[in-house]
Amino acid sequence: RDPGAWNVKGQKLFSAAPIRNWAVVLFDSRAQRGEVERFVEMLNTNMNNLGMICNRPRLIPLSQKLQE
């Protein structure tokens, strides 16, 4: 077990608050937009599985490559 790790796999949050607005900011110009979108979708799905009601985040690319 890693110090500082928090494993919530298979758990539910007791009192999850809704997250209406959130964003993912991309700083790495090497990131592939499709991979980032899949990661964000997986993260959003996992948060929903924990009982969190989350809207889709805004994706904010800071590199020109991802803005295309």
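Which residue just after α1 takes a positive phi? Just after helix α1, that residue is G51, with a phi of about 105 degrees.

This is a predicted model, in which local features need pLDDT of at least 70, side-chain atom pairs count only at pLDDT 80 or more, and totals for chains, interfaces and linings use all residues. Residues are numbered from 1 along each chain as its sequence is written, and side-chain values use heavy atoms, leaving out hydrogens and water.

View 1. Helices (H or I, at least four residues) and strands (E, at least two) are DSSP runs, numbered from the N terminus.

**View 2. The buried side of α1.** V36, V40, N44 and M47 are buried in α1 (under 20% relative accessible area, 1.4 Å probe, protein chains only). They cover an arc of only 70 degrees around the axis (taken from the directions from the helix axis to the C-beta atoms), so they lie on the same side of α1. The buried residues of α1 pack against β1 (23-26) and β2 (58-61).

**View 3. A closer look at N44.** N44 sits in α1, residues 33-49. Its relative accessibility is 6%, so N44 counts as buried. Beyond neighbours within four places in sequence, N44 is in contact (heavy atoms within 4.5 Å) with W22, C54, N55 and R56.

**View 4. M47 and its contacts.** Not counting residues up to four places away in sequence, M47 touches W22, M52 and C54.

Notes:
Buried < 20%, exposed > 50% of the residue type's maximum accessible area, 1.4 Å probe, protein only.
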